[in-house]
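Here is a short report for anyone meeting this structure for the first time. Have the sequence and the 3D view open as you read, and follow along from one section to the next.

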There are 2 protein chains.
Amino acid sequence: MVGYSAKILRINLTERIIKTEQLKADVVGKFLGGRGLGARMFSQEVPPHVEALSPQNKIFLATGLLTGSEIPASSRYMVVTKSPLNNTIASSNSGGYWGVELKFAGYDLVVLEGKAVSPVYITINNNQVKIRDAGHIWGKTVGDATDVMLAEFGDSQAKVLAIGPAGEKCSLIASVMNDRFRAAGRSGVGAVFGSKNVKGIVVRGTEKVKGSSPDALQGVLDGVLSKIQNNGVTGEGLPTYGTAVLVNLINETGTLPVKNFQESYAEKADLISGETLAELYDLKKDPCYDCPIACSHKCRVDGQEVAGPEYETIGAFGANCGVIDLKPIITANYLCNEFGLDTISVGATIATAIELYQRGYIKAEELDGTPLEFGNGAALVEWVRKIGTSEGLGAKMAMGSYRFAQCYSAESYSMHVKKQELPAYDPRGIQGHGLQYATSNRGGCHVRGYMISPEILGIHGRLDRFKLEGKAAWVKMIQDFTAVIDSLGLCLFTSFALNFDDYLNLVNAVTGADYTGEELLLCGERVWNVERLHNLQEGYSKADDTLPRRLLEDPIPNGPSKGWVHQLDRLLPEYYQVRGWDSEGVPTPECIFRLGI
Amino acid sequence: MVGYSAKILRINLTERIIKTEQLKADVVGKFLGGRGLGARMFSQEVPPHVEALSPQNKIFLATGLLTGSEIPASSRYMVVTKSPLNNTIASSNSGGYWGVELKFAGYDLVVLEGKAVSPVYITINNNQVKIRDAGHIWGKTVGDATDVMLAEFGDSQAKVLAIGPAGEKCSLIASVMNDRFRAAGRSGVGAVFGSKNVKGIVVRGTEKVKGSSPDALQGVLDGVLSKIQNNGVTGEGLPTYGTAVLVNLINETGTLPVKNFQESYAEKADLISGETLAELYDLKKDPCYDCPIACSHKCRVDGQEVAGPEYETIGAFGANCGVIDLKPIITANYLCNEFGLDTISVGATIATAIELYQRGYIKAEELDGTPLEFGNGAALVEWVRKIGTSEGLGAKMAMGSYRFAQCYSAESYSMHVKKQELPAYDPRGIQGHGLQYATSNRGGCHVRGYMISPEILGIHGRLDRFKLEGKAAWVKMIQDFTAVIDSLGLCLFTSFALNFDDYLNLVNAVTGADYTGEELLLCGERVWNVERLHNLQEGYSKADDTLPRRLLEDPIPNGPSKGWVHQLDRLLPEYYQVRGWDSEGVPTPECIFRLGI
């Protein structure tokens, strides 16, 4: 086994046929694995215009080329499927242990096709694969369902992926959870599992992944590990506070979205910061597989140990809902994990709902007694519960902020791109990051091209966040670079410490391939363009490469980025140009030929 | 019981809760029943932008205000739900006995909510309602599933509604079947049943529907019956040949679509006419409940008795696929009934596929050996089978002609309006009918405003089919009139013999109401506008009130309508005006106020 097993597990749920297939070497060579492989197989196997919730959609659970290797933070797998939220190719990424265990079971990829007649879960015990009845766990929370599946499987070392009640009900912002509290969160991938009647997948694998030249790898690894440990972000900030370390940092730049992006600076942000979290809620490291960064933490609230909220979760439920109090944020996070909901989209949808209520679109009688107001932590928790159970107005909110706002003909108050809710960075104060929001293939997203690195953190470079010069080329480069990392199955956070050459050396050392840097980056560009071509085929156009009107027209009213709007119209044409696309954002024949897609 | 029972049966499939509710008198007064009641309840209960295949969609099985009464041809019920084909409000209409039996069981309406955990069917024995396991019949054809459900129910007088394998697989052109071979055919309503895991509904009811003043009704009935019997269409043409009587008639006007609307006249149409059907295939009347017209027929082929093909079916599989041979048409019709597929959409999709193959969009290797060519009857039958089983290219075709053509970026070869396939009348030679296609709320459809009556058959008037003058007002009037008939649960074919006053007298005699003609027609206009507002809310606009490019730009090349194109741009503004809509096709506040919606 050289990095990958080249084995696909294909499960047809309609016919209950389980088979294995060989993965073609040339596809791996061009698309690596993970996100790239998933996107390629999706685009070849699923016809355009399939309804995302119909049996014709497929789910590709793809580990990365390097997932489960000896490389630090190589824990990631991708859920690739058609997004029911916005018809893009979803590729929701998660860490923990599940993806690694799948690799250890001998599979690079699981394909789920069709639709089970009734609820099922799947067990994978190395090469023993079974489809089992899940009638008794349908309706259960992620934690409870995980307990039952694990007990029935009978091996406590197995890893479990599951959807919660939100996915079962096809909430369009439902996530896929693994290892109880880790989320392949975005694009509504949980609803696709629900539509196929798949509650979960238990996996146990015992074969380690071996690289082709262990000695060569060891040399590269030593250098990489040292870089990670000696970097301020990966060696100190993230290990100590988790991603919540960003709260104060982003707030101090005046780009922390507050009250549905009506403001961008919170006076008392420190009360919801990583530092406060550590001080008051007993943060304890809980790392993913083989990860020296260990950004992931548990915390303790009212004597109970639960997952610590990530920066995005604090941004969405905290600042953006005006709730400057960690306790309800931690509870909302816990509920999202149990219901199987994406915290970013849920928080953003509640924020939109509050603004719609303030503006009179939503009437008091629709609320069934639960207030919609900024800063009300108890109500926030109750709305999360209502979204998770599709109760009352929660049923509409479970469709995400765009559709919810559409119900009131008030789409402009949904802070979305391509119907997916924006993460917790106000792009008016981070121009390159805004361009990346507008062009992200899966819609509103921060992890497809984290321009925060060069524009705020000074990583890979130190750019003026308000300036436009060179930003289009930067966004392209970081998007392609990220597509490589996602396809390798490494955690994006490794990129805070490593440069592109490090990844190149890792790939070549593990697989024995001899990619040049240019060739490897081309893999990422290929992935990006396959995703783009899908979007164009689904009817997306230049007009959808945009930002909410508020971010383009209303200057930030307070804080250190006061007065700025996003200048997308000055950036987009240049971006198309550096991508080799025409002025409408369509890849030119030359571009497609160059990429060999 | 005065016409209707005012009782709703509501079944929550997720929670397995069955309850009855009272129907509000004021809603009935404004929306009558059937299509109107369904549309009203749908628009009030189902939020906009719900995914049609998600549990949040609902199904309203609505009998008409007069369904099951002593009035002839009062057999209709409507399947109202969000269409997965095009997101409009589906209201697919069927006759036979099922809807009447539902009324006899004491219900005006059944609402299906949520999604069953595993396949179920529902039994309604008067007020005894049960949700039963359907695991053993999932995958069975409509006929086989009906046999099993009927046997298990134990009362051979019960009536059965069922979906076939196509609906289970969420084909977007899947129908809901009742009484084995009658179809609520259009808008993909079968897929919504499939998405909710509902295989069928058995119903037995023993309480007759009584009118409020039997004596008054008897007088009206005598006159109505005599009109139906003495009318050339309802007393002779339809009873003798069924709707297939139209084949020669429409062909002789040069408006019979041939080869995907590339031509509009078939030299040998008589070989697939009602007359030939009667001569060679032993037509035998098989009427719906209490129907003196008895347009529905069985026929006999190779010793087997099967449903006779309707005009639309002959048009779609015959002329439009270039198959001038009744035998494969009868077989294709039989297969559609068993798989639960809409014959119009299936035929149109095959015709589109053939043209795409001819033009080189589809490659030979995609065909798996089954030819795509006009005139090949054996291949036609095989394509129907492949669509029914979602096999090979059939899986893409099961999404309907628009999405299928989109897969090849060749939408202009899909002969659709709002993604729904056009029936068998070429609007280039029937200008009013073309306007009605373009403006039909559920997309390509002939029975929402059958302008063939005045423009070809000389019923209600005798219009010059090529002229534009007055057509917009005619279309509006016939659309509203039809919405009344659909809401009453009467067969549209009664309108070949009856005029609006007859319907008015029937309504008032049965219900004891005292509608004026103006008030009753306003009910129809109300229904039309509720449907229109839904479409606007879903994102449809003026740009979608259109016809395929071919029909607007390419003159008919042959036959008696040679040289004509459709002049939609000259008709549409006038239509908006007579509807009281603004120039963008949006109902004005005055219009909405006038209608009280």
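## The largest cavity

In this predicted model, the lining of the largest cavity has six nonpolar residues, four polar ones and no charged ones. To find the place, look for Tyr450(A), Ser453(A), His460(A), Ile478(A), Phe481(A), Thr482(A), Ile485(A), Leu492(A), Ser495(A) and Phe496(A), the residues that line the largest cavity. Helix H19 of chain A, residues 471-488, gives the most to this lining, with four residues.

How much space is there? The volume of the largest cavity is about 90 Å³. Counting cavities of 30 Å³ or more brings the number to twelve. Rolling a probe the size of a water molecule over the atoms shows where empty space is left.

## Where the two chains touch

Now turn to the contact between chain B and chain A, which takes 31 residues from chain B and 31 residues from chain A. The size of an interface is often given as the accessible area lost when the parts come together. Here chain B and chain A bury about 2,400 Å² between them, with 56% of it on carbon and sulfur atoms.

Twelve residue pairs are in polar contact between chain B and chain A, counting pairs with both residues at pLDDT 80 or more. On the side of chain B that touches chain A, helix H6 (189-195), helix H15 (394-397) and helix H16 (401-407) each supply at least two residues. The largest share of that side, three residues, comes from H16(B). Sorted by class, the side of chain B that touches chain A has 14 nonpolar, ten polar and seven charged residues.

## Salt bridges

Side chains of opposite charge can pair when their charged atoms come close. Across the interface of chain B and chain A, two salt bridges are found. One of them joins the side chains of Glu51(A) and Arg403(B), at 2.7 Å from N to O.

Over all chains, the whole structure has 73 salt bridges. Among them is the pair Asp302(B) and Lys327(B), whose side chains meet at 3.2 Å, N to O. Asp302(B) sits in the loop between strand E14 (297-301) and strand E15 (304-307) of chain B, and Lys327(B) in helix H12 (residues 326-339) of chain B, so this pair ties together parts that are 25 residues apart in sequence.

Technical notes:
Residues are numbered from 1 along each chain as its sequence is written. Chains are lettered from A and ligands numbered from 1 in the order in which they are written. This is a predicted model: local features need pLDDT of at least 70, side-chain atom pairs count only at pLDDT 80 or more; totals for chains, interfaces and linings use all residues. Side-chain values use heavy atoms; hydrogens and water are left out. Contact means heavy atoms within 4.5 Å. Buried area is the accessible area (1.4 Å probe) that two parts lose on being put together, summed over both. A salt bridge is a side-chain nitrogen of Lys or Arg within 4 Å of a carboxyl oxygen of Asp or Glu. A polar contact is a pair of N or O atoms within 3.5 Å; within protein, one must be able to donate a hydrogen and the other to accept it, and residues adjacent in sequence count only if both atoms are side-chain atoms. Ala, Val, Leu, Ile, Met, Phe, Trp, Tyr, Cys and Pro count as nonpolar, Asp, Glu, Lys and Arg as charged, and the others, Gly among them, as polar. On a 1 Å grid over the protein atoms alone, a cavity is a set of points where a 1.4 Å probe fits but cannot get out, and a pocket is an open set with protein on both sides within 12 Å along at least five of seven lines; lining residues have an atom within 4 Å of a point. Grid points are joined across faces, edges and corners, and a volume is the space filled by probe spheres set on the points.
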